[in-house]
Amino acid sequence: MISPGTLKTLYTLKDGGYQAYMVGGGVRDLLAGLTPKDFDIATDAHPEQVKKLFRSCRLVGRRFVICHVRFGHEVLEVTTFRGAITDMHARDETGRVLVDNDYGSLEEDAFRRDFTVNALYYDIRDYSIIDYCGGVDDLKTGTLRLIGDPELRYREDPVRMLRAVRIANKLHFRLEPGTAAPISKLAPLLAEIPAARLFDEVLKVLMCREGVDNLYGLRVYGLFRQLFPATDEMLGDERHLAFLNLALGNSADRIAQDQPVSPAFLYAALLWPPVQRRVRQLRASEGHAESLAMEQAAEEVIARACARVAIPKRFSMPMREIWAMQLRLTQRTPARARRLMTHPRFRAAYDFLLLRARVGADAVLEELADWWTRAQQQDELPPVTATASPDDEDGEPGDEVSPEGVPARRKRRRRRGGRRTSGEAAPAG
Ligand code: ATP
Ligand code: MG
């Protein structure tokens with residue numbers, strides 16, 4: 001299961017006279033019986049020395065330089081052993097290490113890593129595992145244990161709290177009690193982490209096969225509240241929680257089937273509860289039409305969320321579209337319905353609607369979702385039943401529908417004598 005690129009890199013470094021080991025999640029997953037995602041390589045060669053050995057090597061990172069070595073599609077991360085963190089290192093007032101770019105020995109590198117099972121080195125020279133921190137024993141007993149003093153290690157880098165939840169669930173390991181204990185107290189330290197880094201970490205922890213379990217873990221330890229405070233406030237309502245779990249489960253199933261998943265869809269789901277709440281508030285207090293309320297709510301909720309977790313524009317734009325289309329999907333005149341189905345975001349918006357309908361207890365949503373399902377399956381658009389009353393106050397001029405979804409008279413009169421397509425002429429049932 002070790003990739004050809006990994007082996008080539010290890011042997012090239014060894015033949016160049018350097019130490020080189022496979023380390024990290026790849027070794028851990030192999031030993032735990034999972035299929036590794038990728039392998040990281042640790043070496044005593046410095047970046048410039050690595051660069052001399054590999055033509056395809058690129059150096060990345062400004063402070064602590066990492067080498068990216070390419071073999072075809074494979075990109076390997078080669079990292080020089082890091083030195084121990086000491087009291088001499090600069091920290092902020094919470095204990096977070098600010099600068100650390102010293103090189104070190106293999107042993108120092110091991111103690112710098114987060115969990116014991118992440119600090120196992122595979123040596124190609126004799127096919128052995130080097131274990132300074134007791135990782136092999138912890139693998140055997142299914143224990144995720146932070147190396148060193150847990151509180152100190154979380155303070156050095158609070159993202160380790162998110163990694164603890166994620167890796168424990170991935171391996172089906174239990175968190176060692178000393179590793180679990182400080183998390184609830186230290187969860188607020190996540191506020192110190194740059195919002196852009198948290199965006200990546202949130203995807204790793206929620207857009208994966210264990211997303212549902214991870215959400216549960218994040219909530220138990222008070223971590224979710226730090227990431228999405230506005231959403232967390234609303235999860236006391238079972239329906240919001242059910243909706244989020246459905247969205248996460250849906251992504252997980254797609255990942256398991258090797259289907260693509262989109263961060264925009266996931267983040268749209270994560271922020272949907274506060275968006276809905278804000279829409280209701282704006283309609284009540286400002287008397288906004290629903291589409292205007294939606295637009296403004298989206299703007300405000302995204303802006304507030306980005307203070308914690310920075311959502312890049314390329315995702316926040318489609319998120320807004322998915323939300324806006326939840327309204328447009330209620331408007332089912334034949335012309336609009338057909339136009340909507342060709343919208344690039346239609347599929348995502350429809351999937352989102354399906355999830356909303358699956359939460360249950362809303363006959364109107366269920367009817368709507370079912371209608372769109374049938375609309376895509378058959379040539380003719382299905383009739384719109386009277387139970388679904390589209391909220392058409394936001395309609396474009398000349399495109400209005402009556403409450404039953406029948407095209408308004410003016411429009412039909414305009415078409416009299418003209419060519420009609422079958423769907424447009426169909427009266428609503
Ligand atoms: P996966 O790749 O399955 O998500 P991983 O453990 O390999 O999990 P990476 O982010 O790829 O995660 O990190 C590779 C290795 O680098 C880890 O196994 C660990 O040894 C070390 N590492 C990563 N993040 C940290 C951290 N915040 N503190 C200390 N060591 C870390
Ligand atoms: Mg990894």
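A backbone N or O atom of Asn-118 lies 3.1 Å from an oxygen atom of ligand 1. The model is predicted: local features need pLDDT of at least 70, side-chain atom pairs count only at pLDDT 80 or more, and totals for chains, interfaces and linings use all residues. Residues are numbered from 1 along each chain as its sequence is written, chains are lettered from A and ligands numbered from 1 in the order written, and side-chain values use heavy atoms, without hydrogens and water.

**Exercise 1.** Describe the shell around ligand 1.

*Solution.* 
1. Count the residues with a heavy atom within 4 Å of the ligand: there are 14, and the closest are Arg-28, Asp-157, Arg-160, Arg-166 and Lys-170.
2. Sort them by class (Asp, Glu, Lys and Arg count as charged; Ala, Val, Leu, Ile, Met, Phe, Trp, Tyr, Cys and Pro as nonpolar; the others, Gly among them, as polar). The shell has eleven charged, three polar and no nonpolar residues.
3. Assign them to helices (DSSP runs of H or I, at least four residues, numbered from the N terminus). Both α2 (25–31) and α7 (159–171) supply at least two residues; α7 gives the largest share, four.

**Exercise 2.** How do α17 and α18 cross?

*Solution.* 
1. The axes of α17 (residues 290–306) and α18 (residues 313–328) come within 10 Å and cross at roughly 150°.
2. Therefore α17 is roughly antiparallel to α18 (angles over 145 degrees count as such).

Terms used. A polar contact is a pair of N or O atoms within 3.5 Å; within protein, one must be able to donate a hydrogen and the other to accept it, and residues adjacent in sequence count only if both atoms are side-chain atoms. Axes are lines fitted to C-alpha atoms, for helices over the stretch in contact, and angles run from 0 to 180 degrees between N-to-C directions. Angles under 35 degrees count as roughly parallel, over 145 as roughly antiparallel, 65 to 115 as roughly perpendicular and the rest as oblique.
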